[in-house]
Amino acid sequence: MRAGVAAVLLGLALGAACTGRGADVPRAAPAATSAVAAPAATVPSAGGSAPVAVVAPATAVRASFSIMSGALGPFWVAQEAGLWQQHGLDVDLSLISGAPTSMAALMAGDTRFAIAAGDSVLGVQAQNPDVVAILNTSVGSTHQLMVVPDIHTPADLRGRRVGVNSIGDGSYTLLSKAFRHLGLDPTHDVIWTAMGGGNAASYVTGLAVGSLDAAPLTPPNDLLAERQGAHSLLALADLDLATAGLPAFTMRHTIQEQRPVVEAFAAGVVDGVRRFKADPAFAREVLAQKTGTTDPEVLDWTYQVYSGRNSTDRPFIDAARLQTVVDDLAVAQPELRQIQLDKTFDNSILDDLERQGYFAQ
């Protein structure tokens, strides 16, 4: 881990607000000043022949996602199809496991964008209001609470081991809220088991070998766990709990100082959702590459879940839903009551794209 990330993690542990402002280093020219790829410049050629187009190299941008999930499909498609490059960006998108760690990297300036569970990041935003959500393609929860065969009711979870990546991550926050809704005390009734890493394969293995009793899994890992003997106790979507989804975050100063980069990033994500839905063959190919599976049933199930109503190419942050999430989480996290909700997100980037007619395409 880079020193900057470690320093911010220490700051989070102490409850201090962190405001690291490191920046990515452009490889050559800055990004275009609109969401549309910058036109090539022309220079005269020798001998008076036709001008020769000179295309400025894309701006290098580092971005992260906090967990391996099919919900990342549109982002992976944007990366693999070169959609961000069409807007002047060369995005290095990689896994930084867990919302606390990925947010630390963002605040330290090691990344410019971070995709992480919004419910979990609210706790970070309570400490550092300069962390801002700019879009959310994920609509509703796709988590299944997968459990071992002898668990049949929520009451059976008492005293059992529940897997999460890390205490305080998105899964922990989401399950804590669900458990309270089910009449369980998440602090005392279950044994939280931190598995580390952002790959849910550890959950699937833990359920299979008996080192875990329950774990929240999204496609395709819910199906893989089921094949190895686990079963779904409940779909979190059935509890009708508001969720902040899986937004993309950046720093407020990045929006202020590098708005064209932020706009280009957002436009590439919108393109990624459209391509993901319109090109099933390519989407499945990308999912296979990123998740490491070629199983047709697994890929079909994952694509089915994330190509439908669970993703949107109008990824505006829903303020009303976010307020419901804050109110719900504040029961156990009273520090969230101090959050100024309008400071936690910024829809102005997407508003600009809409004024340009981008969503009419």
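## Helices on the sheet

Helix H4 (residues 118–127) lies across S6 and S12, running at about 150° to S6. Helices here are DSSP runs of H or I with at least four residues, strands are runs of E with at least two, and both are numbered from the N terminus. As for the angle, axes are lines fitted to C-alpha atoms (for helices, over the stretch in contact), and values run from 0 to 180 degrees between N-to-C directions.

A quick word on the ground rules. This is a predicted model, where local features need pLDDT of at least 70 and side-chain atom pairs count only at pLDDT 80 or more, while totals for chains, interfaces and linings use all residues. Residues are numbered from 1 along each chain as its sequence is written, and side-chain values use heavy atoms, with hydrogens and water left out.

## The five-stranded sheet

So what order do the 5 strands of the open sheet follow? Going across, you get S4-S3-S5-S12-S6, with mixed pairing. Two strands pair if DSSP finds at least two bridges between them. At the edges sit strand S4 (89–95) and strand S6 (131–135), each pairing on one side only. From one strand to the next, the twist averages 30°.

Now zoom in on one of the pairings. Strand S3 (residues 59–65) runs parallel to S4, and 7 bridges link them. Val61 has Val91 in S4 as its bridge partner. Helix H3 (residues 99–108) also packs on the sheet, where it touches S3, strand S5 (113–115), S6 and strand S12 (248–251). The direction of H3 makes about 30° with that of S12. Touching, or contact, means heavy atoms within 4.5 Å.

## Aromatic pairs

There are 7 aromatic pairs in the structure. One of them is Trp84 with Phe265, a stacked pair at 5.1 Å centre to centre with 15° between the planes. The rule for pairs: rings of Phe, Tyr and Trp (its six-membered ring) count if their centres lie within 6.5 Å, with planes under 30 degrees apart called stacked, over 60 edge-to-face, and the rest tilted.

Why does the Trp84 and Phe265 pair tie together separate parts of the chain? Trp84 lies in the loop between helix H2 (73–80) and S4, whereas Phe265 is in helix H9 (residues 259–278), so the pair joins parts 181 residues apart in sequence. Trp84 is buried, at 2% relative accessibility, and Phe265 is buried too, at 0%. For the cut-offs, buried means under 20% relative accessible area, exposed over 50%, and partly exposed in between (1.4 Å probe, protein chains only).

Then there's Tyr172 with Trp192, a tilted pair at 4.6 Å centre to centre and 55° between the planes. Tyr172 belongs to helix H5 (residues 170–181) and Trp192 to strand S9 (residues 191–194), 20 residues apart, and the pair links distant parts of the chain. Tyr172 counts as partly exposed at 22% relative accessibility, while Trp192 counts as buried at 17%.

## Around S8 and S9

Strand S9 turns up again in another setting. Strand S8 (residues 161–164) and S9 run parallel, joined by 4 bridges, and Val162 has Trp192 in S9 as its bridge partner. Together S8, H5 and S9 make a right-handed β-α-β unit. Right-handed here means that, with the strands pointing away from the viewer, the path from the first strand over the helix to the second runs clockwise.

## Arginines over rings

Which ring face does Arg275 lie over? That would be Phe282, with 4.3 Å to the ring centre. Arg314 sits over the face of Phe359, at 5.2 Å from the ring centre. To qualify, NZ of Lys or CZ of Arg has to be within 6 Å of the ring centre and within 35 degrees of the ring normal.

## Two residues in H11

Glu297 is found in helix H11 (residues 296–306) and is partly exposed, with 46% relative accessible area. Not counting residues up to four places away in sequence, Glu297 touches Leu223 and Arg227. Glu297 and Leu223 are 74 residues apart in sequence, yet 9.0 Å apart in space, C-alpha to C-alpha.

With neighbours within four places in sequence left aside, the contacts of Thr302 are Gly70, Pro219, Pro220 and Leu287.

## The whole protein

Stepping back, the protein has 13 helices and 12 strands. Of its 361 residues, 54% are buried. Among contacts between residues at least 6 apart in sequence, 80% join residues at least 24 apart.
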